[in-house]
Amino acid sequence: MIKKIIIIAIILGVSISIIGLTAEGIIFEISNPDETNPEEINLQNDFLIPPDVVIPMKVSRPGCDIEDICYIPSNIVVEKGKSVTWLNEDSSFHSVTSGFYPEPSGLFDSGHLDPYQSYTLSFDEIGTYDYFCTLHPWMFAQVIVK
Ligand SMILES: [Cu+2]
């Protein structure tokens, strides 16, 4: 009887030690700064610059145009010479393309923006710049330069 209890105690002790070592290993991996890859660092740096216009979630389906929230804000006013940065916060590709769907005017075009990719453009001439998404006809907005 005593032998059995001792054997069970030894098995339990060994098991607990193994679990403890594993848990320690996981914690070490998470908190080790050398494990962070360069891509993650770039993503974090992108967030330090707040975007002027956000492409929000779920705008790849029609409906955002009803509330005018395909690009937020849908009408941004900037001073001549200033830049505008767009950030794609959706999980789909989108674009910032001058003109009206389906005819790009050729003034500017971000190409397909990946999720969390940003696009910056400076506006050196006064005017109203209409733009749209080449992939989603309901997505359109304006930059007004004063
Ligand atoms: Cu789009």
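In the predicted model, Thr97 has Phe132 of β7 as its bridge partner, and this pair belongs to the antiparallel pairing of strand β4, residues 97–100, with strand β7, residues 127–132, which extends over two bridges. Both strands form part of an open sheet of five strands, in which the order is β2-β8-β7-β4-β5 and the pairing is mixed. The edges of this sheet are formed by β2 (75–78) and β5 (103–109), each of which pairs on one side only. On average, and with direction ignored, neighbouring strands of the sheet are turned by 40 degrees against each other.

Further pairing involves β1, β3 and β6. Strand β1, which covers residues 53–55, runs in the parallel sense with strand β3, residues 83–88, and the two are joined over three bridges; within this arrangement, Val53 stands opposite Trp86 of β3. Strand β3 also pairs with strand β6, residues 118–122, here in the antiparallel sense and over five bridges, with Thr85 placed opposite Thr120 of β6. In general, the strands of a sheet pair through backbone hydrogen bonds, either parallel or antiparallel.

These strands are set within a protein chain that has three helices and eight strands. Followed along the sequence, the elements of the protein chain give the pattern α-α-β-α-β-β-β-β-β-β-β. Among contacts between residues at least 6 apart in sequence, 64% join residues that are at least 24 apart.

With regard to burial, 18% of the 146 residues of the protein chain count as buried. In soluble globular proteins, nonpolar side chains tend to be buried together. The largest nonpolar core of the model comprises 19 residues, of which Ile55, Val59, Cys70, Tyr71, Trp86, Tyr131 and Met139 touch the most other members. The elements that contribute two or more residues to this core are β1, β3, β7 and β8 (140–145), and the greatest contribution is that of β7, which supplies three residues.

When its neighbours within four places in sequence are left aside, Ile55 is in contact with Tyr71, Trp86, Leu87, Asn88, Glu89, Asp90 and His94.

Definitions and conventions
Residues numbered from 1 in each chain as written. Predicted model: local features only at pLDDT ≥ 70, side-chain atom pairs only at ≥ 80, totals over all residues. Pairing = 2+ DSSP bridges. Helix = DSSP H or I, 4+ residues; strand = E, 2+ residues; numbered from the N terminus. Axes fitted to C-alpha atoms, helices over the stretch in contact; angles between N-to-C directions. Core = buried A, V, L, I, M, F, W, Y, C linked by C-beta atoms within 7 Å. Buried ≥ 20, exposed ≤ 12 C-beta atoms within 10 Å, placed from the backbone. Contact = placed C-beta atoms within 7 Å.
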